[in-house]
Amino acid sequence: MLFTKSQQEKIGTLETPFYYYDLALLDDTLKQAKAAADKRDFHVHYALKANFNDRVLETIQRRGLGADCVSGNEVQKAIDSGFSADKITFAGVGKSDKEIRTALAHGIFAFNVESIQEMEVIDALAAEAGVIANVSLRINPNVDAHTHHYITTGLDENKFGVPTSELEKAAAVIRQAAHVELMGLHFHVGSQITDMNVFKSLCVKVNEWKNWFEERGTTIRVLNVGGGLGVDYQHPDENPIPDFEAYFDIFDKFLERTSQQEVHFELGRALVAQCGSLLSKVLYTKSGIKKHFLVLDAGMTELMRPALYQAYHKMERVGDTSETLLNYDVVGPICESSDCFGKEVPLPVSKRGDLLAIRTAGAYGEVMASRYNLRDEIRYVYNDTL
Ligand SMILES: *Cc1c(COP(=O)(O)O)cnc(C)c1O
């Protein structure tokens, strides 16, 4: 169970919907990830886009992780949250001039460059600022992440990274660029990856392309293999912390590197997904001829993943429950048919006012909240304020 009796009583008095963050679980997760990485001399950057709630960031920063950003504002947020600039990476297919200037001004660890044209723009803006920009080239390695097609990024047909067919040209542009220093290679093949063979295949590709550059006389100091490690959405209580040992072990075994080469990771979901839940009350119950509906006070405006990628989130009743289960279609109040958290979900027979926890919502939840339908600003509480 997610909450103690006294917490349940307190929660019952709070206005819903709201996010609940268990910062103690987050810290345990970070400790395990950090220990497994440190043991192998691996560097971990936290992907801010998964969750940039202030206390979540503060907890992560305190554990000494770096930051992985995908916008100028995220770079600024990471700096403001205490992440040191020399541990910040900046990725994204569409970095604006303003965003590049922001990152240059802070002297970040590396730009993960996604196209030849972007390389030329960074070179020009770095020249203007009188600095040298450290860059990693994001290679699209054509690895199938075996995940939902909306969150796979490493196939030839995806918009991310430089296709391998253009690497010859990219290498030539880098040699010409006086204000760009190639420090490494970057890969990120998708998200919510649970098949460890995907990471093995990635290692094979990384080795291949690292060798390709080294044969051409280019020193590769940094191998950044991105993020994507998945979490157990089905069993949040049984598997609250991903198996970081097994994950890092794959890279330790299959990645070829010298003692001069650093290995970097960019984990988002695996670090923050399980520490967050969305709490929501049943507003109305409705029964059709064959269907039973629960209409919640939370919708796609608070948690968009089900509507956006048909994502599954475990739902459970908070507090006293009847033994009798009924299959419900659990929907939100937003005027969109896709505003549905799950169909035919077995839940205890429910009534107006009952509280539900929508689990594993710490990643890509609060950050995607919107004001559509002029909804309230998102609310949140932490375990230590309950
Ligand atoms: C989103 C993203 C990540 C983090 O992905 P997770 O699946 O949350 O681990 C890492 N690197 C890049 C470049 C990203 O865009």
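**Note on the predicted model**

1. Serine 277 is in contact with Leu2, Phe18, Tyr19, Tyr20, Ile358, Arg359 and Ala361, leaving out residues up to four places away in sequence. The model is a predicted one. Serine 277 sits in strand S11, which spans residues 276–287. The relative accessibility of serine 277 is 3%, so this residue counts as buried.

2. Strand S10 covers residues 262–267. Five of the six residues of S10 are buried, and the strand is therefore largely enclosed by the rest of the structure. Strand S2, residues 42–47, runs parallel to S10 and is joined to it by five bridges. Within this pairing, histidine 43 has histidine 264 of S10 as its bridge partner. Strand S9, residues 222–224, also runs parallel to S10, with three bridges joining the two. Here leucine 223 is the bridge partner of valine 263 in S10.

3. Glycine 268 is found in the loop between strand S10 and helix H10, the latter being residues 269–272. Its relative accessibility is 6%, so glycine 268 is classed as buried. Apart from residues up to four places away in sequence, glycine 268 touches Tyr46, Ala47 and Ala50.

4. The "binding site" annotation comes from an unreviewed UniProt entry and covers Gly228, Glu266, Leu267, Gly268, Arg269 and Tyr364. Of these annotated residues, Gly228, Glu266, Leu267, Gly268, Arg269 and Tyr364 are included in the lining of the largest pocket.

5. Tyrosine 364 belongs to the loop between strand S16 (355–358) and strand S17 (380–382). Tyrosine 364 has a relative accessible area of 11% and is buried, because the cut-off for buried is under 20%. With neighbours within four places in sequence set aside, the contacts of tyrosine 364 are Lys49, Ala50, Ser191, Arg269, Leu303 and Arg305.

6. Helix H7 runs over residues 167–176, and its buried residues are Leu167, Ala170, Ala171, Val173 and Ile174. These residues lie on the same side of H7, because the arc they cover around the axis is only 160°. Exposed residues Lys169, Arg175 and Gln176 are carried on the face of H7 turned away from that buried side.

7. Cysteine 275 takes part in no disulfide, and the nearest cysteine sulfur, in cysteine 69, is 18 Å away. With a relative accessibility of 3%, cysteine 275 counts as buried.

8. Cysteine 340 has a relative accessibility of 15% and so counts as buried.

Conventions
Residues numbered from 1 in each chain as written. Predicted model: local features only at pLDDT ≥ 70, side-chain atom pairs only at ≥ 80, totals over all residues. Heavy atoms only, no water. Disulfide = S-S within 2.5 Å. Buried < 20%, exposed > 50% of the residue type's maximum accessible area, 1.4 Å probe, protein only. UniProt positions renumbered as here; feature names shortened; annotations may be inferred. 1 Å grid on protein atoms, 1.4 Å probe; cavity = no way out; pocket = protein on both sides within 12 Å on 5 of 7 lines; lining within 4 Å. Helix = DSSP H or I, 4+ residues; strand = E, 2+ residues; numbered from the N terminus. Contact = heavy atoms within 4.5 Å. Arc of directions from axis to C-beta. Pairing = 2+ DSSP bridges.
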